[in-house]
Structures are given as structure tokens and as C-alpha cells.
Amino acid sequence: ESVSRSWPILISLLIDLEKYDEALGSYDPIIEHYKNNLDESKDPKSYALSQTILIDTLKVKVKLLTLLEDYHGAQNVNLEITSINRTDLAVWLEIAQYHEKYEQWKQALHAYEFSQKLDPNNELINKKIEQLKLMMENNQ
């Protein structure tokens, strides 16, 4: 169990050492293993552990894909994370920023609005929503 918790850390180390190919090759078997563990979990503790390790591993994959400037790939992984855990605010903000980067204003607004539901008092989120609505109104 302690070794399995280390996978995201070990992959991060490969990234820090700029061994990107090795890091990329490490993901799929680990991700598949923990997805299977989620499907086969019999108790809440086992499920929670598998979910945490899976999400942490996916987040490290996002980090690597971003470093490699594969923003579309990183966005797909972020969307996969939200399918596992809909309440991860940091991931929703990354999704919104991706949509902003590619001028997908409506999708960015939806991601920020979902983020706002998770953190209604976040001034940054509230300001972004206002800015996007104003910009979309002015561009009509």
C-alpha cells in the first residue's frame, strides 16, 4: 500500500529529472490498475485509497502533458478527473483556463460557474464570471 501511494511521487520525480518518455510510459498501467481497483472495491476505505491514488496520478499526468505543451491532452485528463471527483476545484479552474486560452468563452464561463458552486465566496472566480459575461455581451 505504501508503495502504491508513492506512484504519483515517483512519476513527479521522473518529470523533475526531465525523463519525460519514462514518465509517460509509466502512466497507463498505473491508471488502469487503479481504475480496476475502483470497480472492484468492496469497502469504502479501499475505494477512497484507489480514488486518491488515481486522481493524484492523473494530476501528475496533466503536469507532464502541460510541460510538453499538449494542452488538449491535459484538458482531456482534467475532464477525466472531474468524472471521478466532481468537486475538485483546482481541476475545474484549470478546465476554465484552458477554455479561456482557446477563446472558448461559453465553456470557460460554464467551468467558472461550476467552480463558483464549489467556492461561492472566491473573489477570483466571481470576477472571472463577471468579466466573461461582460465580454460575451459586448461581442454579440
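Is Asp88 buried or exposed?

Modeller: Asp88 is buried, because its relative accessible area is 10%; buried means under 20%, exposed over 50% and partly exposed in between, with a 1.4 Å probe and protein chains only. Before going further, please note that this is a predicted model, in which local features need pLDDT of at least 70, side-chain atom pairs count only at pLDDT 80 or more, and totals for chains, interfaces and linings use all residues. Residues are numbered from 1 along each chain as its sequence is written, and side-chain values use heavy atoms, with hydrogens and water left out.

The position of Asp88 is in the loop between helix 5 and helix 6 (helices, H or I of at least four residues, and strands, E of at least two, are DSSP runs numbered from the N terminus). The side chain of Asp88 has a polar contact of 2.7 Å with the side chain of Lys59. Such a contact is a pair of N or O atoms within 3.5 Å; within protein, one must be able to donate a hydrogen and the other to accept it, and residues adjacent in sequence count only if both atoms are side-chain atoms.

As for Ile11, residues up to four places away in sequence are not counted, and Ile11 then touches Ala23, Ser26, Tyr27, Ile30, Thr57 and Val60. In soluble globular proteins, nonpolar side chains tend to be buried together.

Consider next helix 5, on one side of the loop that holds Asp88. Thr82 lies in this helix and is buried, with a relative accessible area of 3%. A polar atom of the Thr82 side chain is 2.8 Å from the backbone oxygen of Leu79. Apart from neighbours within four places in sequence, Thr82 is in contact with Val91, Trp92 and Ile95.

Ala108 is in helix 7 and is buried, at a relative accessible area of 0%. Beyond four places in sequence, Ala108 is in contact with Ala96, His99, Glu100 and Leu132. The C-alpha atom of Ala108 is separated by 16 Å from that of Arg86, 22 residues apart along the chain. Gln116, also found in helix 7, is partly exposed, with a relative accessible area of 28%. The side chains of Gln116 and Asn126 are joined by a polar contact of 2.6 Å. With neighbours within four places in sequence left aside, the contacts of Gln116 are Ile125, Asn126 and Ile129. Leu14 is 102 residues apart from Gln116 along the chain, and the C-alpha atoms of the two are separated by 35 Å.

Glu18, in the loop between helix 2 and helix 3, is exposed at 59% relative accessibility. Glu69, in the loop between helix 4 and helix 5, is exposed with a relative accessible area of 58%. Glu18 has a positive phi of about 60°, although it is not a glycine, and Glu69 likewise has a positive phi of about 60° without being a glycine. Most residues other than glycine have a negative phi.

The protein contains 8 helices and 0 strands, in the order α-α-α-α-α-α-α-α along the sequence. Its C-alpha trace spans about 55 × 35 × 20 Å along the principal axes. Among contacts between residues at least 6 apart in sequence, 48% join residues at least 24 apart.

Definitions and conventions. Contact means heavy atoms within 4.5 Å.
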